[in-house]
Every structure is written in C-alpha cells, then in structure tokens.
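Look over the sequence and the model first, then read the points below.

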Amino acid sequence: MTQVSKRVVAKVVEERIQEVFSKVIADLHDPTDINEFLDDFLSPPEKIMLAKRLSIALMLAKGYGYEIISSILKVTPPTIAIVNINLKYKGKGYKKIIDKILKEEKWNKFWQDISN
C-alpha cells in the first residue's frame, strides 16, 4: 500500500511539485523514455497496480462484469468498485484515455477488416 508522509508540505509547495510532475509526464513521448522513467520512478507492484486500474476501467467501459474482471485481472470487487466510481463520477482523465483507447481499437479493427 502506498505510504504518504504525515509531514504536510505547504500548499504552494505541493501545487508546484504537482505542476512539475505533470510537466515531466507531458514531456515524455518516446516509449523507451517512458518505460525508463516508469522503471526508475515506480516499483514493480506500483506499475502493476496502475496498469490493472487502467485495465479495469477499460473492461468496465466495454461492459465486462465484476466477476469476469476479477477473474482475469485477479483484483477484488472493492477495487473494481473504486475504479467504477471514479470512472462514473470523477474520472475525467479516465474517460479521456478510455475513449482514446476505444477509438484506436475501432480504427485498428477497421483497417484490419479492410486488409482481410
């Protein structure tokens, strides 16, 4: 489980470090650079946790039920529920990325169908 220091930083400092972090993420474009950054920045369990959350959101958007998601991704129903709540009520970021992934899948399928 993620641990956050109990020592609170000033709000202005927190906002600035969040801004810098967002800029760093936004500046990463090359897949190799992204993977190197994530390998250095996140532990293996953190990377898996984030990938599973994104996969849960994608599977929910595709209409998969909790039981199937739990079985495939080996996550608990409460974890799925948290992602589902975020996706439905708070998830602007989730929605944008899920829509982008689904759009790309449709285009890939379209081109695959044409080539067949």
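Ala-51 is partly exposed, as its relative accessible area is 42%. The structure is a predicted model.

**Ala-51 and its helix**
- Ala-51 sits in helix α3, which spans residues 44-61.
- The label "partly exposed" applies because 42% lies between the cut-offs of 20% for buried and 50% for exposed.
- Ala-51 and Glu-36 are 15 residues apart along the chain, and their C-alpha atoms are separated by 16 Å.

**Negative patch**
- Glu-36 belongs to a surface patch of negative charge.
- Asp-30 lies in the loop between α1 (11-27) and α2 (31-41).
- Asp-30 has 36% relative accessibility, so this residue also counts as partly exposed.

**Nonpolar core**
- The largest nonpolar core contains 13 residues.
- Within this core, Ile-56, Leu-60 and Ile-69 have the most contacts.
- Four helices each supply at least two of the core residues: α3, α4 (66-73), α5 (77-90) and α6 (92-115).
- Helix α3 gives the most, with five residues.

**Nonpolar patch**
- A nonpolar patch also lies on the surface, formed by Val-9, Val-12, Val-13 and Ile-17.
- Together these residues have about 340 Å² of accessible area.
- One of them, Ile-17, is found in helix α1.

Definitions and conventions. Residues numbered from 1 in each chain as written. Predicted model: local features only at pLDDT ≥ 70, side-chain atom pairs only at ≥ 80, totals over all residues. Heavy atoms only, no water. Patch = residues over 30% accessible without salt bridge, like charges linked within 9 Å, V, L, I, M, F, W, Y side chains within 5 Å. Areas by Shrake-Rupley, 256 points an atom, 1.4 Å probe, with all protein chains shown as cover. Salt bridge = Lys/Arg side-chain N within 4 Å of Asp/Glu carboxyl O. Lys, Arg positive; Asp, Glu negative; His and termini not counted. Charge placed at Lys NZ, Arg CZ, Asp CG, Glu CD. Buried < 20%, exposed > 50% of the residue type's maximum accessible area, 1.4 Å probe, protein only. Core = buried A, V, L, I, M, F, W, Y, C linked by side-chain atoms within 4.5 Å.
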